[in-house]
Amino acid sequence: MTIVILCCISTACNRDDKPITLSVDKTEIIANNEDVATFTVLCEGKDVTDESHLFIEGQDEELGSNIFSTAEAGNYTFYADRKSHASEKIEVFAKAIEPEN
């Protein structure tokens, strides 16, 4: 008689009690709807961006992707949620397009 034992090996951050970290590749973009800031969410070094929800502070809607661009100049504050954790907040400044001479 052969006994087969199955083991589940959980990957890092499968538990709800692990904190997440939000990072961005640029903290300043040009407000031209073309320049973008790209966000990454990490949990113990593992990229969990696809499992996370990104928000602009003060707005009720989810960002919808990990990329942000805008035509409106100003400061934007972002945070991420994953399971029961929210990340620290990150600011991105969208700089107005400078007029040509």
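The model is predicted. Its mean pLDDT is 86, and 82% of the residues reach 70 or more. Residues 1–11 have a pLDDT below 50, and beyond near neighbours in sequence this stretch has one contact in the model. Where pLDDT is low, the predicted coordinates should not be read in detail.

Strand 9 spans residues 90–95, and its side chains alternate between two faces. Ile90, Val92 and Ala94 point to one face and are buried.

Strand 9 pairs with strand 2 and with strand 7. Strand 2, residues 28–30, runs parallel to strand 9 and is joined to it by three bridges. Within this pairing, glutamate 28 stands opposite phenylalanine 93. Strand 7, residues 74–82, is antiparallel to strand 9, with five bridges between them.

Side chains of opposite charge can pair when their charged atoms come close. The structure holds five salt bridges; three of them are described here, among them the pair of glutamate 44 and lysine 18, whose closest N and O atoms are 3.2 Å apart. Glutamate 44 lies in the loop between strand 3 (37–43) and strand 4 (46–47), while lysine 18 lies in the segment before strand 1 (21–24), so the pair links parts of the chain that are 26 residues apart. Glutamate 44 is exposed because its relative accessible area, 53%, is over 50%.

A second pair joins glutamate 51 and arginine 82, with the closest N and O atoms 2.7 Å apart. This pair links the loop between strand 4 and strand 5 (53–56), where glutamate 51 sits, to strand 7, which holds arginine 82, across 31 residues.

Lysine 89 forms a salt bridge with glutamate 57, and their closest N and O atoms are 2.3 Å apart. Lysine 89 is in the loop between strand 8 (85–86) and strand 9, and glutamate 57 is in the loop between strand 5 and strand 6 (67–68), 32 residues apart. Lysine 89 is exposed at 52% relative accessible area, and glutamate 57 counts as partly exposed at 37% relative accessibility.

Technical notes:
Residues are numbered from 1 along each chain as its sequence is written. This is a predicted model: local features need pLDDT of at least 70, side-chain atom pairs count only at pLDDT 80 or more; totals for chains, interfaces and linings use all residues. Side-chain values use heavy atoms; hydrogens and water are left out. Buried means under 20% relative accessible area, exposed over 50%, partly exposed in between (1.4 Å probe, protein chains only). Helices (H or I, at least four residues) and strands (E, at least two) are DSSP runs, numbered from the N terminus. Two strands pair if DSSP finds at least two bridges between them. pLDDT is the predictor's confidence in each residue, from 0 to 100. Contact means heavy atoms within 4.5 Å. A salt bridge is a side-chain nitrogen of Lys or Arg within 4 Å of a carboxyl oxygen of Asp or Glu.
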